[in-house]
Structures are given as structure tokens and as C-alpha cells.
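Please study the sequence and the structure before reading each solution.

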Amino acid sequence: MERIVVIGSGQGGVQAAISLRQEGYTGKLTVIGAESGLPYQRPPLSKAFLKSGDADALRLRPAAFYEKNNIDLVDGTRVEWIDRANRVVHAGASAFGYDHLILATGTRNLRPPIPGAELALDLRTLEDAVRLRAALAAPRRCAVIGGGFIGLEFAAVARSLGHAVTVAEAAPRLMARVVSPEMSARFLALHEAMGTSVRLADPAVAISEDGIMLAGGDRIEADLILMAAGVVPNTELAQGAGLAVENGVVVDCRLVTEDPAISALGDCCAFPDPVTDRLVRLESVQAATDHARLIARRLVRGERASYAAVPWFWSDQSDHKLQIAGLSSAADGAIVRGDGATFRFCGERISAVETVNDAKTHMQARKRLAISPIFVRDLEAAGLDLGAL
Ligand code: FAD
């Protein structure tokens, strides 16, 4: 293989380039990214960066790394279409031929179709975070639309800086897609104790220059409005190229699309969950980087392994580090241990383990879930001690 092109220079796209070189790929390697400047990591944007403003600390690799590893980084360039027949991608007047193409286009923020939605700020890119940080330099009344990871991380930082904060969430509990009702309640208590006003089951229905209107009829006055209502995968390129899309670019268990010359990874792809075989799309650094490594091993070494890594996630809110090992559905049950570690289960099997400031249990869960399924009866017989299983 002589030419590999990666579309998207985020966490997964850059990891793919790094891993390809580490595995020994010596051909031409081009990473095309729509954003300008050196690729960076997003997680600190809603955490440390809002306080420190240190953009250099976010860089995935220094400029010299790309030169030294002969990685052609084409920044500030949006790919517009993929010509699969001729294996060429087009961006304006530029064209890049490939033998293998990796789609790593990530997601963009969801804009609910409500009046004034365009007035709200986003928190997705470094540019967004710089804008928010500047806004937080003066006292603000912040309204955050969305009580998921990013909205709550921002809320925690804004409160710690002394701003007034209201979070409006459409669902009846916080982080409902990803954690148990018990963990939602724990984080609701944390944010309320910090002085944040949390409005549940009360979605924003309109936004104006000076606040948001909630479905329940209340108006929240605000001079900083953050939209953190979820994301949509960037699948238009794949769709335009005739590839299957189902809440993500559809790939098989080896992360290959219907076209054997095109792989997809990270936030933009929908892959078969090894436990349930359902197509899932994850939004996490771990998935993007593990996908990238698997694709590199396949392309360079011809490895045929299926993607089977245990998913894990984290979120830092104030002094609470929430960690989740495994993948649960909103309907899964929960068993809460005395120290707060929460075991989600679906049928007989543990689907995920949620912990707060408990790295030991989190690591035990990741290791144990990677070996074999954990059954509820075995865990209960072991006194909910993963180490004793
Ligand atoms: P991205 O990193 O989003 O990169 C995709 C890139 O593709 C973008 O730069 C985009 O501009 C580019 N692109 C799209 N279309 C084109 C095109 N047509 N041509 C060229 N380029 C294109 N995850 C965690 O695990 N833990 C966290 O604590 C956490 N915190 C987060 C906080 C914030 C504020 C945000 C925004 C995300 C956070 N995430 C976190 C999610 C994590 O950053 C993503 O899961 C990860 O970046 C996904 O990597 P990716 O390569 O798939 O996509």
C-alpha cells in the first residue's frame, strides 16, 4: 500500500497516523483536517483549559513530530467529496489520491430546532473554548442547555469561578444516556450543593439575547448561553460516497466500511458492539484511539482481529471524577455498593461499572470485563468485590 489518506485531524485521525508509523508503514501518509493549526485534544476544553487557557498543553504532538515521521498534515482544509471509483478525495482545488482512506470526521454540535438557537455558544473546538473563556472573564449569568458530560463540566467550572449557573435538561435526570439514576441523583446533589440551579424535564424552547425560555414557562435570564445538547456525527462525506450510514458511518467488526478501501473510526462510526452485536457509536477518546490502533495493525500487519475493547469513559465535575467501564443502556438495572460504586446490569450480566474518585475499582472493572462476562450472581456472591471474583 503506497498512499493512506486520513480525513479528520482530531484524536482518532492523528492516532491513526501515529500508529501506522509505529507499526512500520513507510508509504505516503496524509492527514487532512478542517480545523487550522496543530491537532489538539478536546477533553480539557470543558475542564482545565477554561481556567488555564494553556492551548499548548492541548497539542496531541508538537509540529516537529509530524515532520520527523513524514506525516503530511494538511490543516484548514475541508474535504468536500470522495471519488471512490478513482480513489481520490477532493478539497477545493486540491485532490488527494489514496490506496486506503480512513474517515475520522468526528461529530458536530446538535442545534435543536428552537427559535434563537444560533445565539447560543458551542463548546466543541479550541476556538469555541477560547471564546467561552474570554466571556467568563467578566461576571456572568450562565444558562447551560443540556445536562450531559460537557454541559455539567462547564457548569462546574463556571460555578467555581463565581458565575451564576442554571442548567436546563430535557430529560428527568442528569446524564441519563450514560449513567444510572442513582449516579444522576448523586451528581444532581453535587451541582446543587455548588449553587447551580438545575431544571430537569424542562427543555429550553426559545433563546433570546438575554436568556432562555423553558417548556414549563419559566424564563432564565442569562448573558452567556451554552448549547450542550448533544452531537451529530459528520457522515455527509460517507453518505455522498454511497456508503451506509446509520447514526454513524457503518463499519464491520474490523472497522471497514462496505468499501474495503475505506475504514472509519471514532465518533463518526457505528460499529457492532461485541457484547450485543447492536450497532453502537461511542463518543470517547478511548474508542477513537483504540479504533485507530486496530486499523493500523490491520493495514500494516494484516491482522484480522475484531474490535472488542471494553469501552470506558470519564468526566471531571468539580472534585468528582466519574469513571465508567463498560457500556450500559438507560434501562439497565443498578446495584449500589456501600462506597457508591454502582454496578449496572442487563439480565444476568454486568454491563458497566460506575465509580467516583475510585480509580482502583474502575481499573479492576476494565480488566475483569476484558477477560470474560461478569454475572450478577457471581458478583453478589463475592460481596460486590471485583478483586474477589
Ligand atoms: P474529533 O476529535 O472530533 O475529530 C474530528 C475532526 O475531523 C475535527 O477536527 C473536524 O473538524 C474534522 N473534520 C470533519 N469533517 C471534515 C472534513 N470533511 N474534512 C476535513 N476534516 C474534517 N471524551 C472522553 O473520553 N473523555 C472526556 O472527558 C471528554 N471530554 C470532552 C470535552 C469536550 C468539550 C468535547 C468537545 C469532547 C470531549 N470528549 C471526551 C470526546 C472526545 O473528544 C471525542 O470522543 C474524540 O475527540 C473523538 O475523536 P475523533 O477523532 O473521532 O473526532
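Domain bounds here come from an automatic or database domain assignment. The model is predicted, so local features need pLDDT of at least 70 and side-chain atom pairs count only at pLDDT 80 or more, while totals for chains, interfaces and linings use all residues. Residues are numbered from 1 along each chain as its sequence is written, and side-chain values use heavy atoms, with hydrogens and water left out.

**Exercise 1.** Describe how domain 2 and domain 3 meet.

Step 1. The assignment gives the protein chain domain 1 (3-108 + 231-301), domain 2 (111-227) and domain 3 (319-388).

Step 2. Taken over C-alpha atoms, the centres of domain 2 and domain 3 are 29 Å apart. Twelve residues from domain 2 and 15 residues from domain 3 take part in the contact (heavy atoms within 4.5 Å).

Step 3. Between domain 2 and domain 3, about 1000 Å² is buried, and carbon and sulfur atoms give 64% of this. Buried area is the accessible area (1.4 Å probe) that two parts lose on being put together, summed over both. Of the area that domain 2 buries against domain 3, Met183, Arg186 and Phe187 supply 40%, more than any other three residues.

**Exercise 2.** Characterise the shell around the ligand.

Step 1. Among the 32 residues around the ligand, those that come nearest are Gly12, Glu35, Lys47, Val79 and Asp267 (near: a heavy atom within 4 Å).

Step 2. The shell comprises twelve nonpolar, 13 polar and seven charged residues. Here Ala, Val, Leu, Ile, Met, Phe, Trp, Tyr, Cys and Pro count as nonpolar, Asp, Glu, Lys and Arg as charged, and the others, Gly among them, as polar.

Step 3. Domain 1 and domain 2 each give at least three residues to this shell.

**Exercise 3.** Which distance separates an oxygen atom of the ligand from an N or O atom in the side chain of glutamate 35?

Solution. The distance to the side chain of glutamate 35 is 2.6 Å.

Conventions
A polar contact is a pair of N or O atoms within 3.5 Å; within protein, one must be able to donate a hydrogen and the other to accept it, and residues adjacent in sequence count only if both atoms are side-chain atoms.
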